[in-house]
Amino acid sequence: MSELTKRSFLNFVTSILKSIGLMALTFIMTPVLLRLIGPADFGTFKVLTEVVNYLSILEMGLYASLMTCLFVVIKNKDSQKLERIISEGWRRYFKVTLLSLLIGLMFLPFLKKMTSWNNESDWDLYLTYLMILSTVALMPTLIYKAYLDSSNRGDLVNLVVFFQNLFFIIFGLFFANLGWKLKSQGMAVMLSGIIGAILFRYVSKLKIKPTKEKDEEFGKQIVRYQKPQFFNGLAEKLSQNCDQLIIVFFIGPVTVTKVFLGQRVVQIVQGQLQSIGLASWASLSSLYHDREINNGLFEKRILEVTKILSCMSIASLVPVCILNQTFIGLWVGDSYLMETNTLTLLASANAFFWTLFSFWQFTMTVLGKPAEITRMIWIQAVVNVIASITFTKLWGGIGPIAGTLLSYILVPLWFYPKLMLKNFKIAETRLLSSFALPGLIGILCVVLYHYSPWKFHSLNWITFILSGIMLFGVLASFLFIVLFNEEEKKLFLGRIRGLWEKFSRRFS
C-alpha cells in the first residue's frame, strides 16, 4: 500500500474518531442547551450563523484556488514558490476580510426581519450577531488549514477541528448557565474561533512571513481558478444555506429548531461519508497527473470510491431512517419530533446524493476543472430555491428538504455522469451502476421495514445503540459480500490491514 493511500486512510480514520467524539459531546450538550436558552433562541442562533456563513461567498473561491496551487508546489517540494504563494494568499485574504466585515455590518438593520425576532431586547440579537461576525476577522488564518489540506495532513485538521468544537461546546454551556441566553452562543463562537485559528497556526509549523509585494505569477494563477470557484461557491450557498432562512421567514424559529434536530444525525453521517471522498483526493490527484503511466488506474479508483461511498451511505443511513424518531424522543423529548418520519427519509436521500456529488465536484475542482460544473450548480440552485419556497408553503418545515431532493434528482444526478465522461473518459453506465444498485437496496430495506409487522418499540439507550450497531453491521456486511468482486474485497481488506500494521508498529 502506497504512502498516499496510507495517509488517506489515516485522514479518514481520524475524521471518524473526531466525529464520534463530537457527536457524543453534542448529544450530551444539546438537551441541556435547549433547557437553558429555549428552542426559539436556539433556532435564532442557527439563523444568525447562516447569515454570517453567507459572507464566505466574498472569499470568491480563494481557498479552493490556493489548495489547487499549493498541491503542485508542495508535491514538487519547491520552498521558494511555497513562500511566494503563501504571501499572495495572505495579501488576498486580508482584502477579503475587510470587505466581508463591511458587508456583514450592513445586515444589522435587517436582522429582526430575517430572524422573526420578537423578544424584548434587540440588543441581545445584535450583540450575538456581532460576536459571530467577529470570527470573519480570522479568515486569513485559513491559509494554514489550506496548507495542511494540500499536504494531505487531514489528521491534523481533524484534531484542530475537534478541539475547536470542544471549546465551543464548553463555552456555550458555561455562558448559557450564567443566564446569557442567545448571547452565550455568540460568545462561544467567537472564543472557539480564536482558539481554532491559534491551533491551526501552531500545528501547521508554517513559519513563512508574508510580504506586502504582489506576486504577478501566482496572482494570475489564483485568479484563473478563483473565478469559477466564486460562482460555484455562490450557487452552493444559495442552494445549501437557504433552508433555515426560508423556514424562519414563513414559519418561525421554533420550527427551525425542530428541523435542525430532526436531521442532525443525518448531517453527522453525511459529514463522515463526505470525509471518505475528501480523504482520497491527494491520491487521486497524483494518479491523475501520472495517468499516462498508470494505465486507467485513475478512472478505476473513481468508480471504486463511488461504490464504497454508496455502500457506506446505505449501511449508515438506513438505520437512521428506521431509528431516528426513537432517537429524537430519547435525546430531547417527543415535543421536538416532527409529525412524521418524512423529514428523516428526505434528509437521508439528500445525504446519499450529496455524498456522491461532493466527491465528484471536489475531484473536478482540485484537478483544475471547476468551470466545468458552474452551469450545472447554478441550475440546481435555482430549482432548489424555487421548489423549497413552494414546498414550504404547501408542506411546512419539510419543504426545503423536499425541494433540495427534487433539485438533486432533476439536475446533478444527470449532469455529473456526462461531465465525468467528458473530462475523465468514465462511461456513464459504469458510473451510474456503481451507486444505483446500493441505492435501490437501501430503498427496498426502508420500504420492507415500513410494511413489516416487526418494529423497534420502547427502546432505551442501550437497546437503541445495540439496534443501530446491529443494523449497520448486517447491511454493511451484506453490501460488501454481494456488490464487491474478489479483487475489490482483497484490495479493501489489504488497505485496512496495512493501516493496522502501521499503527501497531508505531505504538509497539
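Among contacts in the protein chain between residues at least 6 apart in sequence, what percentage join residues at least 24 apart? The share is 83%, where contact means heavy atoms within 4.5 Å.

**View 1. The protein chain as a whole.** This is a predicted model, in which local features need pLDDT of at least 70 and side-chain atom pairs count only at pLDDT 80 or more, while totals for chains, interfaces and linings use all residues. Residues are numbered from 1 along each chain as its sequence is written, and side-chain values use heavy atoms, with hydrogens and water left out. The protein chain holds 22 helices and 0 strands, taken as DSSP runs numbered from the N terminus (helices H or I, at least four residues; strands E, at least two). Of its 508 residues, 54% are buried, a term that stands for under 20% relative accessible area, with exposed meaning over 50% and partly exposed in between (1.4 Å probe, protein chains only). The chain exposes about 23700 Å², of which carbon and sulfur atoms supply 66%; accessible areas come from the Shrake-Rupley method with a 1.4 Å probe, and for residues only the protein chains shown count as cover.

**View 2. Helix α7 and the glycine that follows.** Helix α7 covers residues 154-177, and its 24 residues should span 34 Å at 1.5 Å a residue, which agrees with the 34 Å between its end C-alpha atoms; the expected span is 1.5 Å times one less than the number of residues. The buried residues of α7 include L156, V157, V160, L166, F168, I169 and F175, and also D155 and N158. Just after α7, G179 adopts a positive phi of about 90°.

**View 3. S116 and helix α5.** S116 sits in the loop between α4 (111-115) and α5, and its phi is near 55°, a positive value in a residue other than glycine. With a relative accessible area of 29%, S116 is partly exposed. Helix α5 (residues 122-133) has 12 residues that should span 16 Å at 1.5 Å a residue, and its end C-alpha atoms lie 17 Å apart, which agrees. Buried in α5 are D124, L125, T128, Y129, M131, I132 and L133.

**View 4. Helix α20 against helix α21.** Helix α20 (residues 428-451) and helix α21 (residues 461-483) pack at an angle of about 140°, with their axes 12 Å apart; axes are lines fitted to C-alpha atoms, for helices over the stretch in contact, and angles run from 0 to 180 degrees between N-to-C directions. That angle makes α20 oblique to α21, given that angles under 35 degrees count as roughly parallel, over 145 as roughly antiparallel, 65 to 115 as roughly perpendicular and the rest as oblique. From α20, L437, P438, I441 and C445 meet L475, F478, L479 and L483 of α21.

View 5. Helix α15 (residues 297-331) packs with α21 at an angle of about 165°, their axes 9 Å apart, which makes α15 roughly antiparallel to α21. This crossing is right-handed. G329 belongs to α15 and, at 22% relative accessibility, counts as partly exposed. Leaving aside neighbours within four places in sequence, G329 is in contact with D334 and L337.

View 6. K425 lies in the loop between α19 (412-424) and α20, where it has a positive phi of about 60° although it is not a glycine. At 67% relative accessibility, K425 counts as exposed.

Key
A crossing is left-handed if the near helix is turned anticlockwise from the far one by less than a right angle, and right-handed if clockwise.
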